[in-house]
Amino acid sequence: MKNLTRTEETLRRLMRKHGLTDNGWTFGWNYHKRAYGLCNYSDLRIEISLCHVVEYYWEETLDTILHEIAHGLTPSNCRSHGKEWKSNCRQIGGTANLYFYPPNGLDKVGRKNAPYGGKCTRCGL
């Protein structure tokens, strides 16, 4: 439970710090097993998978938080993981990795050895 509280407090603090909260963005949990986090431009909502937070290390959760905040800072008409997103992600302290790779290739959530990540329905990246 400690990481859940830490995750929510950190995400909300960083959303305020980077102006997302002032622009109507909200936070929510989900139970996705194939995505650690997601950014929904239509609903102005960042979600983090509760399933992943309880299974993995804080460093991985923090990088996911920064990854999703960078999406919120990048206009929705830009390429999902393009230059502007990468720049925003690195500027706020993220690695700008496109996928989350489970430690040692062991997926504790989906029970598969596969990288996580989705593709933008607009640009395919």
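1. Contact here means heavy atoms within 4.5 Å. Helices (H or I, at least four residues) and strands (E, at least two) are DSSP runs, numbered from the N terminus. With those terms, L66, H67, A70, H71 and L73 in helix 3 meet W85, N88 and C89 in helix 4. By class, this contact of helix 3 with helix 4 has five nonpolar, three polar and no charged residues. Ala, Val, Leu, Ile, Met, Phe, Trp, Tyr, Cys and Pro count as nonpolar, Asp, Glu, Lys and Arg as charged, and the others, Gly among them, as polar.

2. A word on the basis. This is a predicted model, in which local features need pLDDT of at least 70 and side-chain atom pairs count only at pLDDT 80 or more, while totals for chains, interfaces and linings use all residues. Residues are numbered from 1 along each chain as its sequence is written, and side-chain values use heavy atoms, with hydrogens and water left out.

3. The overall layout comes next. The protein has four helices and three strands. Along the sequence they follow the pattern α-β-β-β-α-α-α. The protein has 125 residues, and 41% of them count as buried (under 20% relative accessible area, with exposed over 50% and partly exposed in between; 1.4 Å probe, protein chains only).

4. Back to helix 3 and helix 4. Their axes (lines fitted to C-alpha atoms, over the stretch in contact; angles run from 0 to 180 degrees between N-to-C directions) come within 8 Å and cross at roughly 125°. Helix 3 and helix 4 are therefore oblique to each other. Angles under 35 degrees count as roughly parallel, over 145 as roughly antiparallel, 65 to 115 as roughly perpendicular and the rest as oblique.

5. N88 deserves a look. N88 sits in helix 4, residues 83-91. N88 counts as buried because its relative accessibility is 14%. Neighbours within four places in sequence aside, N88 is in contact with A70, L73 and T74.

6. Helix 1 (residues 2-17) packs against helix 3 (residues 58-73) at an angle of about 30°, with the axes 10 Å apart. Helix 1 and helix 3 are therefore roughly parallel to each other. From helix 1, N3, R6, T7, T10, L11, L14 and M15 meet W58, T61, L62, I65, L66 and I69 in helix 3. The residues of this contact divide into eight nonpolar, four polar and one charged.
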